[in-house]
Amino acid sequence: MAMPTAAVAQEEVASTKQQFAIPAGTLKSALDRWTRQSRRELVYREADIAEVRSQGVSGVFTPEEALMRILDGTGFGVAFHESGAIAIVRQEARGNATPEILVTGKRNWSLNTGIERSEDDSQPFIVLTQKDIQESGAPDLDTFLRNQLNVNSAPSTSDMSGRTNYTQRGLSNINLRGLGSRDTLILVDGRRQPGINLGQGQINQPQITGIPLAAVERIEVLASSASGLYGSGASGGVINIILRRDYQGAEISANYSDTYDFAQPDFRIDFTGATTIEGGRTNISFTGSWRKQAPLLYGDRSELFERGRQRILENDPTFFYGAFPPSGATPNIQTIDGSPLQLDPEYGGTLFDSPIAYVPDGYRGVALDGVDPLIATIGSYNFDQPISAVGEGKLAPLLYGAENLAGTLAVRREFNDWLSVYVEGAASRAISRTTVTRAPSSVTLLADAPNNPFAQDISVALPQGNAEADVSSRNDQLRGVAGAIVKLPYDWQAVADFSWAKNRYTADKSPSNYTPGLTLLLGSGSQDVLRDLRLDPLDLTYIDSDFGSITTPATTTIATQSLRLAGPVPIDLPGGQPRMTLNVERSVEVAGSVISAINSEFSSVTYTPERKQTILAGFAEIAFPIVGVDNAVPLIRSLELRIAARHEQYKGEGALANIICQFGFGALPSDDIYQDCPPQGADLGLATTENSHTDPSVSVRWSPIEDVTFRGSYTTGYLPPTLDQLTKLQGILGVEARDPLRGGEPIGMPTAFGYEIQGYYGGNPDVKPESSETWTIGVILTPRFLPGLRFSADWTQIRKEDNYFTPNLLYAYDDATQEALEIFLERYPDRVERGPASDGYDVGPITSIDISLANLVGSTAEAVDFALDYSDELFGGTIDFSASATWVRELSVETYPGQPEEDYAGVNTVSYGQGYGENGALRWRGNGSIPLEQGAALDRVAGPLCRQLLPPTGPVRRRNPGLGQGG
């Protein structure tokens, strides 16, 4: 019988996955445990690894995958021999500045065009791994980053209700440091993705809802200005999502989760796999994922509604007692003018001491049940949940329903020893579902209506039940990548990369609304609204139309061409050889035109033109390993300097956000929203802005001793204006402000409507980009007396300048606006035109003023990030303790020129909590976990030893799990 060769046997063993439980600690102890758990042997010099630490490994991997993770970041690699033996060899000491897609010697290939970053980098990167994802129990990537990423200040996720409007439903929002989502750049495998087009004239943050958790290898986060590394839009930080290629064979997993009362089932199926053909020259990987989540309704969590309502009543009772009555299970009542309720003379004419009341349960109206039941409720509202799909009604979603589909296919082929090509295709669809109502929210019941027993007009808040309709939005994404990797002389490499991606967002198409004039009919008493509508709902009529609101699919497309070069710099430093990466890149992003229509009592059709932004960029990064471990320099165990810079030329082509095609009272004349839209000869407000920016990034990492590492950095960032902030408009401006250079006289000419002046307003193509600079200082502790422990603390301060401000300074007169106007005029004296000097003043009166968009305010974010990890053996397995926290010292935003900055740290405003206020952060935010994994059985087997893998000089340490230690 034929026996397999050693090489074939090794491949069979290597392709088998098993459980590894190896804690962080010394590299020697990690390698010893690996040999026992894998039943493989290693060859290494004990003296070489005596002071080296490893992060360990925990999870299900092939032996080679586990070994690669043990060696990651240690400065050691592996050398394989056909006999099956493996040697641990020191890698050449040199700075790591090579894009991961060009890194050779890794068992797992990657399409990440960025440089692989680690938590021990010279800048305070946060790295979240696939293991972190699995242990989190998060259902999707958006939720994972909200829960696990402390520097993400976004208060809600894509499936949470309570946002500003349901058009944002199902859309992710990542907000690093609380500076705003526009200041956070999202990358996938180092490449820019198309921002989502909501038809508002802007290109918003790219979406991550279509990326399945199983497809993610790791997530690199830098929560500081990063335009020097990644370009525009990273003034507050960057998130780079690296997709997995480390599959072996095929794997399918199914997951079901639910609430304790089975109110929100969540199903997920993931399929992943990889294979090699042509003797390993061609690598193929593929993924597929499907997830469906049912909505969780407010009615499923009525106790939350009750608790929240009670807390509001205790803290701020006036919240519910405004100009209009709140919605309840039965109609709530309030007089239009706020005067106390008074019965009509027909019912006695009694005057009460409160303007509010509600319809009691089971009340059938004044004609059947008289006025006494209504009188008994005067002075109170009905705060019970309505049976409706609005607000916090029992049928309204607390968490939206969702369905996600995603798939990828990637191929990489090595044609020879100097040329490799790769191609990837990906598609995803994210669907978000909700329920809307077609009923009016309130009516004004006239005093002379036959069903109104009161002498005044009253506002009646309706429960809006029995008029529900299901709607859904859809976000489709397509992505393609192709490129070639070429090995060049002198150990240099090049990668020519082309990527294309398209996002297509289809907003809800709501059903037709109730007919115009219905509320007037109800207000005159055509149907009785002062009764318990649960007993007999209103008979509603609807517009004969296919929609109530509709938006044409909104697309965004981005195409990027880049050329990257990487290799060693011909300089020999004590710590090794520097390495450099160079990159030139061109990116064009186009947001397509959109038509939106509303068909209701007030109807409109609007048009948003196409917009485009183009970026030409040049980038360089070099890592200088000044001193290494082998240099034995006192108090300088290692010292690394990293310098990077990126220059970008930006061109933005914008237009007006909304151009009116149709507008009027009553329903639209037809469902043809494309008719004369945009109107013939309409001014689209086309405008162009061009600017350039150079951003540096300088960082240093210094280890005086093995246990302690210090790091610090200085970086900058920039953010161009949105594409609806470019169009400047001209017209007549109403004025109430005064001229500080002419004794405080009124600005403009008096008219019947007050003072007016010719001027400019709106956007401004000449504004500068917003800019930021960041300083970071940090320390990393890995004490030898406690192997497996790592602690880090990093201070970060981001200062933003030239933030955009729309100076509507002329429309009100008070001390604050007057001071802001004076600051504006002092900074931009060329924004005003004056007549000849007169009346004894050195300057003439203002005849024209430009109050379009200006760079006039700023903001500051300051925080300290902590991370603690500890790993050790326990009960034959591994226990990993992990905790992280962020303390926000300051999040100050200058909202008005000349006024004190407002500190949003620890402040949860209503707008921030609902997702449309960008600024906000918890004072403290943290998370932790203590997973315990059972290790594999420690079987002992013998194996061959191959001494040719190491040079013959020096003592050699041999680990053989069957024979013990050898020389």
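I took strands as DSSP runs of E with at least two residues and helices as runs of H or I with at least four, numbered from the N terminus. The model is predicted, so I kept to its limits: local features need pLDDT of at least 70, side-chain atom pairs count only at pLDDT 80 or more, and totals for chains, interfaces and linings use all residues. Residues are numbered from 1 along each chain as its sequence is written, and side-chain values use heavy atoms, with hydrogens and water left out.

**Ser354**

I found Ser354 in the loop between strand S17 (332–335) and strand S18 (356–358). Its relative accessibility is 10%, so I list Ser354 as buried (under 20% relative accessible area; exposed is over 50%, partly exposed in between; 1.4 Å probe, protein chains only). I looked up its contacts (heavy atoms within 4.5 Å). Leaving aside neighbours within four places in sequence, Ser354 touches Pro340, Leu341, Ile378 and Gly379. A polar atom of the Ser354 side chain lies 3.3 Å from the backbone nitrogen of Ile356.

**Helix H2**

I checked the length of H2 (residues 27–38): its end C-alpha atoms are 16 Å apart, which agrees with the 16 Å its 12 residues should span (1.5 Å times one less than the number of residues). Nine of the 12 residues are buried, so H2 is largely enclosed by the rest of the structure. Among them are Leu27, Asp32, Arg33 and Trp34. Arg39 follows H2 and has a positive phi, near 60 degrees.

**Salt bridges**

I counted a salt bridge where a side-chain nitrogen of Lys or Arg is within 4 Å of a carboxyl oxygen of Asp or Glu. The count comes to 49.

I noted Glu648 with Arg192, closest N and O atoms 4.0 Å apart. This pair links distant parts of the chain, strand S32 (residues 638–654) for Glu648 and strand S10 (residues 191–192) for Arg192, 456 residues apart. Glu648 is buried at 1% relative accessible area, and Arg192 is buried at 15%.

I then looked at Glu621 and Arg642, whose side chains meet at 3.1 Å, N to O. Glu621 is in strand S31 (residues 611–627) and Arg642 in S32, so the pair ties together parts 21 residues apart in sequence. Both Glu621 and Arg642 are buried.

My last pair was Lys728 and Asp850, at 2.8 Å, N to O. Lys728 is in strand S36 (residues 728–735) and Asp850 in strand S44 (residues 846–850), 122 residues apart. Lys728 is partly exposed at 31%, whereas Asp850 is buried at 10%. I also recorded one network in which salt bridges that share partners join Arg117, Glu621, Glu640, Arg642 and Arg701.

How values were computed: Polar contact = N/O pair within 3.5 Å; in protein donor to acceptor, adjacent residues only side chain to side chain.
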